[in-house]
Amino acid sequence: MKSYSVVIIEDHTLLSQAIADVVNNFEKFRIVYSCKNGADFIERMNNNSTVPDVILMDVNMPIMNGVETTKWVSEHYPDISVLALTVEEDESTILKMIRAGAKGYLLKDVDKNTLEMALLKTMETGFYHSNMVTDVLVNSVTGKSNSDEILKENEIEFLKLICTEMTYKEIANKMCLSPKTIDGYRDNLFVKLNVKNRIGLVLYAIKNKIFTF
């Protein structure tokens with residue numbers, strides 16, 4: 001029975017190990033190694049490591065993120081299938097990954113049966129599009145966008161705090177979240193609100209009366 005090789009690119013070691021344990025229990029898949037980010041993966045490729053059949057790719061990573069890494073894989077190893085496996089669920093990030101060459105997009109709270117099915121579908125048909133991804137692709141074609149919808153509660157709270165003198169680390173402590181999660185909020189809002197820096201976020205919050213003096 002054919003076995004497909006899988007590489008995990010994920011910067012959280014414990015989570016990477018947990019994903020590996022799950023995938024190694026799938027009948028047709030085996031983990032060959034894990035990487036902490038895209039740069040780590042490229043270094044392994046340059047050192048003649050095993051070329052996998054599929055990559056489970058995180059999106060928000062230091063040094064070289066999932067979008068950048070997926071683009072590199074698409075250009076240099078087009079036969080490798082990339083499946084995004086991430087906590088990022090905003091429309092703009094999904095579109096970026098698909099446009100970069102990802103064959104599917106999964107959230108990390110996915111159950112193991114769906115993960116196995118996604119891997120199998122990708123190997124058999126070349127892609128796996130969940131209902132979430134299908135909706136995003138349809139919206140992108142029809143011109144509809146979820147980015148214009150009401151901001152999430154945590155995003156609103158983040159925007160309020162960004163208008164203070166608090167540092168990002170202090171905001172993370174205030175919201176009881178990790179600095180990495182706060183960085184994710186910031187980067188997602190940069191894209192969603194089409195701004196480039198903290199000043200842009202502050203101006204948006206003031207203009208839309210999210211923050212008042």
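A: A pocket is defined on a 1 Å grid over the protein atoms alone, as an open set of points where a 1.4 Å probe fits, with protein on both sides within 12 Å along at least five of seven lines, and its lining residues are those with an atom within 4 Å of a point. Grid points are joined across faces, edges and corners, and a volume is the space filled by probe spheres set on the points. Rolling a probe the size of a water molecule over the atoms shows where empty space is left.

This is a predicted model, in which local features need pLDDT of at least 70 and side-chain atom pairs count only at pLDDT 80 or more, while totals for chains, interfaces and linings use all residues. Residues are numbered from 1 along each chain as its sequence is written, and side-chain values use heavy atoms, with hydrogens and water left out.

The largest pocket has a volume of about 380 Å³. Its lining consists of 18 residues, and V87, E88, T181, Y185 and N188 are those that lie nearest its centre. Two or more lining residues come from each of α7 (153-162) and α9 (179-192), where helices (H or I, at least four residues) and strands (E, at least two) are DSSP runs numbered from the N terminus. With five residues, α9 gives the most to this lining. Sorted by class, the lining of the largest pocket holds three nonpolar, seven polar and eight charged residues; here Ala, Val, Leu, Ile, Met, Phe, Trp, Tyr, Cys and Pro count as nonpolar, Asp, Glu, Lys and Arg as charged, and the others, Gly among them, as polar.

The second largest pocket has a volume of about 320 Å³, and it is lined by 15 residues, of which V59, N65, V67, K96 and D187 lie nearest its centre. The elements giving two or more residues to this lining are α3 (66-76), α4 (91-100) and α9, and the largest share, four residues, comes from α9. By class, the lining of the second largest pocket has four nonpolar, six polar and five charged residues.

Helix α3 leads on to the strands, since β3, α3 and β4 make a right-handed β-α-β unit, which means that, with the strands pointing away from the viewer, the path from the first strand over the helix to the second runs clockwise. In strand β3 (residues 54-57), V54 and L56 point one way and I55 and M57 the other way, and all are buried, a word that stands for under 20% relative accessible area, with exposed meaning over 50% and partly exposed in between (1.4 Å probe, protein chains only). Strands pair if DSSP finds at least two bridges between them: four bridges join β3 to strand β1 (residues 4-9), running parallel, and four join β3 to strand β4 (residues 81-86), also running parallel. V54 stands opposite V6 in β1, and its bridge partner in β4 is S81.

D11 and K36 are 25 residues apart in sequence, yet 4.2 Å apart in space, C-alpha to C-alpha.
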